[in-house]
Amino acid sequence: MRKPLGVLAAVLGLAACAPSTGSTQGAPSAAVTPQADAPTTPATTPTPKPAPESDKCRVTVARPDVTALTIETSAVRRDCVRPALLRIRIKRAVPGEDPVVKSGAARKDRITLKTPCKPGTYYAVATDYSTDTATSKAVRLTCATPTPTPTVTPTATPTPAPRKTAAQATSAGTALESEVVRLTNAERAKGGCDPLRPDARLRRAAFGHSADMAKRGYFDHDSQDGRDMVDRIRATGFSGSAWAENIAKGQRTAAQVVRDWMNSAGHRENIMNCSYTHIGVGAAKDSSGQTYWTQDFATR
């Protein structure tokens, strides 16, 4: 029997700075020539003030591209003399007014902006508040998220899932969810990775997604209300610099779901990524008793 799996990873980074306006220099004051009827006072030639240094500043912006499931673009100020605020926006081309997907700014000559990848047509707009604005070419992007579905042979006598009790509701979750964490860390240890630390907020995000999939009968990294993995994690108050997610359904034990993930390249890559530091696992059953699993990873 084939059990579905899903995998997703994203890395986000953003630097923002509020625009500021610079002062405007006044024009040099006019030189005063001595009157002709004052011969006793020699005429003097005023010292000319130096002309302001020419600023041939120009701004360029790269068209968006996909790297590691992340849309990335950058803007550069070239040949600039004076510093200024540089802002970059990633926009999605849609009928009507194009929405801004991500925006960032910094008082630097170069700024890079990233956002989780979703299929669509995107372009970037860079604004140098001392010079001008540049717009990249629009490009259609696809997000090749691996969602392998390995063939699984269930064990002859599967171990029934332990029932949740109040004492088991720790930051790692229920006893079943805690066993997934333990087995995941055991696999990471084989590759030399540090153990992941259970986090109650990540567990809340993971369980909420599993419960929603079980209730509504869908299987996807994106919730039916439009939220993605990062939206769900941030809603719990967890802040980090990188996130990833594995999902699965139909496995009856913690050992079985971890084994299925480890037998799938994309899911195994998330589990064996030594840069992740925290984990949350959520398991929920639908009305027929089928279990939906979500495993959220984060770096902080």
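Reader: How many salt bridges does the count come to?
Author: The count comes to 11 salt bridges, a salt bridge being a side-chain nitrogen of Lys or Arg within 4 Å of a carboxyl oxygen of Asp or Glu. This is a predicted model, where local features need pLDDT of at least 70 and side-chain atom pairs count only at pLDDT 80 or more, while totals for chains, interfaces and linings use all residues. Residues are numbered from 1 along each chain as its sequence is written, and side-chain values use heavy atoms, with hydrogens and water left out.

Reader: Why would such side chains pair up?
Author: Side chains of opposite charge can pair when their charged atoms come close.

Reader: OK, Asp199 then. Which side chain does Asp199 meet in a salt bridge?
Author: Asp199 meets the side chain of Arg300, at 3.9 Å from N to O. Asp199 sits in the loop between strand E11 (197–198) and helix H2 (200–216), and Arg300 in the segment after strand E14 (291–299), so the pair ties together parts that are 101 residues apart in sequence. Helices (H or I, at least four residues) and strands (E, at least two) are DSSP runs, numbered from the N terminus.

Reader: Is Asp199 buried or exposed?
Author: Asp199 is buried, with a relative accessible area of 8%. Buried means under 20% relative accessible area, exposed over 50%, and partly exposed in between (1.4 Å probe, protein chains only). Arg300 is partly exposed, at 46%.

Reader: And Arg232, which residue is its salt-bridge partner?
Author: Glu245, with 3.0 Å from N to O.

Reader: What about Asp225, what does it form with Arg227?
Author: Asp225 and Arg227 form a salt bridge, and their closest N and O atoms are 3.0 Å apart. Asp225 is exposed, with a relative accessible area of 53%, and Arg227 is partly exposed, at 34%.

Reader: Which residues are linked in a network?
Author: Arg77, Asp109 and Asp128 are linked by salt bridges into a network.

Reader: Changing topic. How many disulfides does a search of the whole structure find?
Author: Two. A disulfide here is a pair of cysteine sulfur atoms within 2.5 Å.

Reader: Start with Cys57. What is its partner?
Author: Cys57 forms a disulfide with Cys80, and the sulfur atoms are 1.9 Å apart. The link of Cys57 and Cys80 is right-handed, with 50° about the S-S bond. Cys57 lies in the loop between strand E1 (5–11) and strand E2 (58–61), and Cys80 in the loop between strand E4 (70–78) and strand E5 (86–92), so the pair ties together parts that are 23 residues apart in sequence.

Reader: Is Cys57 buried or exposed?
Author: Buried, with a relative accessible area of 10%. Cys80 is partly exposed, at 22%.

Reader: And the link of Cys193 and Cys274, left-handed or right-handed?
Author: Left-handed, with -70° about the S-S bond. This pair links distant parts of the chain, 81 residues apart: Cys193 is in the loop between helix H1 (175–190) and E11, and Cys274 in the loop between helix H5 (265–271) and strand E13 (278–285). The sulfur atoms of Cys193 and Cys274 are 1.8 Å apart.

Reader: How accessible is Cys274?
Author: Cys274 counts as partly exposed, at 44% relative accessibility, whereas Cys193 is buried, at 7%.
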